[in-house]
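These are my notebook entries on one protein chain, written down in the order in which I looked things up.

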Amino acid sequence: MLRIGITSRALFNLNSSHSIFEKYGLEAYRKHQISNENIPLGEGQTFPLVKKLLNLNKLAEKDLVEVILLSRNSPDTGLRIFNSIEHHGLNIKKAAFCGGNSPHIYAKSFETHLFLSADLDDCRLSTLNGIPSARIMLTNKINNSDNLLRIAFDGDSVIFSDDSQLIFENYGLEAFNRNEKNLADEPLSKGPFKSFLEQLCILQQSFPREDCPLRIALVTARSAPSHERVIKTLRDWNIRIDESLFLQGIDKTAFLEDFLADIFFDDQFEICESAKHSVPTGQVINLNSRN
């Protein structure tokens with residue numbers, strides 16, 4: 001089963017509540033949430049993603065995905081979160097309300113394959129604890145509502161390690177292409193999101209290939225000749241990706257819009273800042289990265 005841990009700010013729109021906390025403090029926030037606990041929260045950045053993930057269980061008629069709420073809220077203030085989950089019909093049963101502490105500590109205990117949070121520090125701590133993590137870039141963008149789930153990944157420093165990326169950063173494009181061409185038959189090392197991608201590919205196998213409700217895309221700045229090593233690496237890993245876009249460094253945003261991505265994972269802050277206005281975006285936490 002694919003297990004995803006997600007925070008309440010990533011799942012629901014808590015902007016007004018969070019503003020109260022920042023301006024007036026914890027007690028004002030507590031009173032606000034309790035007095036409004038029967039007023040459902042609106043959809044947050046990852047709400048459509050979570051809804052589509054949970055819908056896979058209905059389509060397969062078996063449990064393939066479990067979403068677990070991991071929250072800094074206390075049990076008192078967390079009641080509004082659970083009431084909102086019930087109101088929106090989300091099949092989320094497990095939760096940890098941590099009373100102000102970082103909820104990342106329970107991501108490993110719940111055996112999650114991915115941790116999503118709007119808090120960068122929580123994501124870094126989760127990554128240090130061995131859980132692939134991404135910071136959700138908060139905007140007002142809520143994506144398409146059809147049933148097909150579309151997930152897009154960057155390549156280097158996300159699916160793959162940052163070894164080749166470092167060559168590009170330190171020695172330039174020519175050295176990068178030369179290295180990738182020379183090592184075309186040598187698989188790339190795994191990156192922080194390889195294990196999550198593997199779980200998605202296992203999940204895809206529960207559906208007919210010609211009618212699968214989950215579609216995966218690689219959206220990378222690579223181009224020929226460095227494409228060959230990517231394709232051979234995925235083949236060596238026995239991972240099937242539905243679409244691969246080799247963009248030679250051009251902006252990814254229009255392509256992500258055309259793909260109708262429900263979430264896009266990239267490690268570069270600048271790329272995430274650009275993409276978040278068009279598609280839901282998660283900045284992958286790579287402990288070796290300078291971003």
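**Entry 1: ground rules**

I am working with a predicted model, in which local features need pLDDT of at least 70 and side-chain atom pairs count only at pLDDT 80 or more, while totals for chains, interfaces and linings use all residues. I number residues from 1 along each chain as its sequence is written, and my side-chain values use heavy atoms, with hydrogens and water left out.

**Entry 2: the whole chain**

I looked up the secondary structure and found 13 helices and 12 strands in the chain; helices (H or I, at least four residues) and strands (E, at least two) are DSSP runs, numbered from the N terminus. The C-alpha trace spans about 65 × 40 × 35 Å along its principal axes. For 291 residues a compact globule would have a value near 19 Å, and the chain has 19 Å, so the two agree. I also noted that 51% of the 291 residues count as buried, where buried means under 20% relative accessible area, exposed over 50%, and partly exposed in between (1.4 Å probe, protein chains only).

**Entry 3: the largest pocket**

Grid points are joined across faces, edges and corners, and a volume is the space filled by probe spheres set on the points.

The largest pocket has a volume of about 470 Å³. Of its 21 lining residues, His18, Phe21, Tyr29, Arg72 and Asn73 are the closest to its centre. The elements giving two or more residues to this lining are α1 (8-11), α2 (15-24) and α3 (26-35), and the largest share, three residues, comes from α3. I sorted the lining of the largest pocket into six nonpolar, 10 polar and five charged residues, with Ala, Val, Leu, Ile, Met, Phe, Trp, Tyr, Cys and Pro counted as nonpolar, Asp, Glu, Lys and Arg as charged, and the others, Gly among them, as polar.

My search of the whole structure gave two cavities of 30 Å³ or more. The second largest cavity holds about 40 Å³ of space, and its lining divides into 11 nonpolar, no polar and no charged residues. Among the lining residues of this cavity are Leu2, Leu49, Phe196 and Phe265. At least two lining residues each come from β1 (2-6), α4 (47-60), β6 (114-117), α10 (194-204) and β11 (263-266).

**Entry 4: aromatic rings**

How many aromatic pairs does the structure hold? I found 10, where rings of Phe, Tyr and Trp (its six-membered ring) pair if their centres lie within 6.5 Å, and planes under 30 degrees apart count as stacked, over 60 as edge-to-face and the rest as tilted. One of them joins Phe82 and Phe97, edge-to-face, at 5.7 Å centre to centre and 75° between the planes. Phe82 lies in helix α5 (residues 75-87) and Phe97 in strand β5 (residues 95-97), so this pair ties together parts that are 15 residues apart in sequence.

The ring centres of Phe193 and Phe196 are 5.9 Å apart and their planes stand at 85°, so I recorded this pair as edge-to-face too.

**Entry 5: single residues**

I noted a cis peptide bond between Ala224 and Pro225, with omega about 10°; Pro225 is in the loop between β9 (214-220) and α11 (227-237). Glu111 has a positive phi of about 60° although it is not a glycine, and Glu111 is exposed, with a relative accessible area of 52%.

Note on methods
1 Å grid on protein atoms, 1.4 Å probe; cavity = no way out; pocket = protein on both sides within 12 Å on 5 of 7 lines; lining within 4 Å. Rg over C-alpha atoms; globule rule 2.2 N^0.38 Å.
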